[in-house]
Amino acid sequence: MIPKEVKSIIKKLEEAGFEAYIVGGCVRDVLTKKIPIDWDITTSAKPEQIQKIFPRSFYNNRFGTVTAVTGSKNPALKEIQITTYRTEGKYLDKRWPEKVEFVGRLEDDLSRRDFTINAMAMDAKGNIFDFFNGQKDIENKIIRAVGDADQRFSEDALRMIRAIRFASQLNSSDKENSTWQIEKETLKAIKKHSAAIGLISVERIRDELEKIILSPRPSAGIEALKEANLLRHIIPELELGVGVSQNRHHIYTIYEHSVLSLKFCPNEKLEARLASLFHDIAKPETKRGAGEDATFYNHDIVGAKVAKKILRRLKFPNEIIEKTSHLIRNHMFFYNIGEVTEAGVRRLIKRVGAENLKDLIDLRIADRLGSGVPKAKPYKLRHLEYLMAKVSRHPLSVAMLKINGNDIMRLLDIKQGPIIGALLNALLAEVLEEPKLNTKKYLENRAKELAELSVEKLKEKSEKVIKEKKEEVELVEKSRFRVQ
């Protein structure tokens, strides 16, 4: 379970007369049967002593962390951070300690950490050192601050959103197993200090929010942010939809629908999930009228602008911002069987981009399920997918051939005429039946042979085969999307 690179570092530190343990999140991951994405070690050795033991290392911070280079091929083990036991001074800016002080006891080091599930250590043999009942909290699926919760969040306000992120990430997508909760006193302290999240850089908040959005149960994370009074300081635009009813097409309020759409989004891409959460973000400001007849004209256009503003404020990458707003801008696309032609579908694809089609369909599915509709993908949506695939795929045409009309004219020394098209269709018919024949050498030789036949004979050879092949492809596509 413990990688050899980690054991080797601990062994070298112990041989030099120091204590050394695996610590923090990697211990939690081991106990919850997850593969750690990185490994951290804590030790009684001072930074300069660590560097003497590990010449291939670097130390360029004031927190006592030395990074040892292992040479491992595993990305999670190429560099391992080794930190001296320490305690921390006051956090005057709610972000970083004013000073750190190296100490001699493991328990003192663990006492400064954020949550009990992250405040455990493990030796190379797998023995656990747990002074704050982290194992019990893992067993009960509880996120609890170490020691005084008020003090922990006063030290580093980012820990408030991290508490929610851990609950979201540790939960599974299986509702019955998704019971991680924030302990009552810890949650009470988060609510008390929630406004302090404004002192944290937006980049750090964005990173935590992104992890919540990409977690197994992102909707639970958003709900937890709201319950903890953090959402109003991070995405106040979402809270504008709280308690705001919609119309006859919706049984949920705008906020409820937004969170449920995120919950049911079948897509794991960040931009698709963000679009699911924000697709109706402008409904509160575009609402006109009340009750069943309320309208929200242009909420898609306005919503794309609002989402872009939110994501820019949170400093998401430009690519994510553009893709998210693009999906929101187009999520109200109209499609009824028989009313929208293949040409109309082509225009939709051109407007949306072929690379965004799946994300747009998934957004529509999230929107439907988030509205309380039991069927995620009705017949007409499957029919649209079928038509999208049909107009997007390469047609069965002579353009598929490794030879063209100009090649045939040069090869046979003839001018443009009906014979050229007839020859190309005859060659296409053969290639459709045996794709491996589609080589320039074979087609040139075969064109010389077929040139002996009349145009009528060539048409007779090709028309039936091409027609049957097109019908076969059509049947396969219809079967794939379960349409008639």
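The structure is a predicted model in which local features require pLDDT of at least 70 and side-chain atom pairs count only at pLDDT 80 or more, while totals for chains, interfaces and linings use all residues. Residues are numbered from 1 along each chain as its sequence is written, and side-chain values use heavy atoms, with hydrogens and water left out.

Side chains of opposite charge can pair when their charged atoms come close. Salt bridges were assigned where a side-chain nitrogen of Lys or Arg lies within 4 Å of a carboxyl oxygen of Asp or Glu. The count under this rule is 28 salt bridges. Burial was classed by relative accessible area: under 20% is buried, over 50% is exposed, and values in between are partly exposed (1.4 Å probe, protein chains only). Helices (H or I, at least four residues) and strands (E, at least two) are DSSP runs, numbered from the N terminus.

One of the salt bridges links R112 to D109, with an N to O distance of 3.3 Å. R112 is buried at a relative accessible area of 12%, and D109 is buried at 0%.

A salt bridge also joins the side chains of R144 and E183, at 3.9 Å from N to O. Because R144 lies in the loop between β10 (142-143) and α6 (149-155), and E183 in the loop between β11 (181-182) and α8 (184-193), this pair ties together parts that are 39 residues apart in sequence. R144 is partly exposed, with a relative accessibility of 31%, whereas E183 is buried at 15%.

In the salt bridge between D293 and R248, the N to O distance is 2.5 Å. D293 is found in the loop between α15 (283-286) and α16 (299-313), and R248 in the loop between α12 (236-239) and α13 (254-264), so the contact ties together parts 45 residues apart in sequence. D293 is exposed at 54% relative accessibility, and R248 is exposed at 52%.

Strand pairing was assigned where DSSP finds at least two bridges between two strands. Strand β5 (residues 79-84) pairs with β2 (residues 40-43) in the parallel sense, over four bridges. Within this pairing, T42 has T83 of β5 as its bridge partner. Strand β4 (residues 65-69) pairs with β5 in the antiparallel sense, over five bridges. Here T65 stands opposite T83 in β5.
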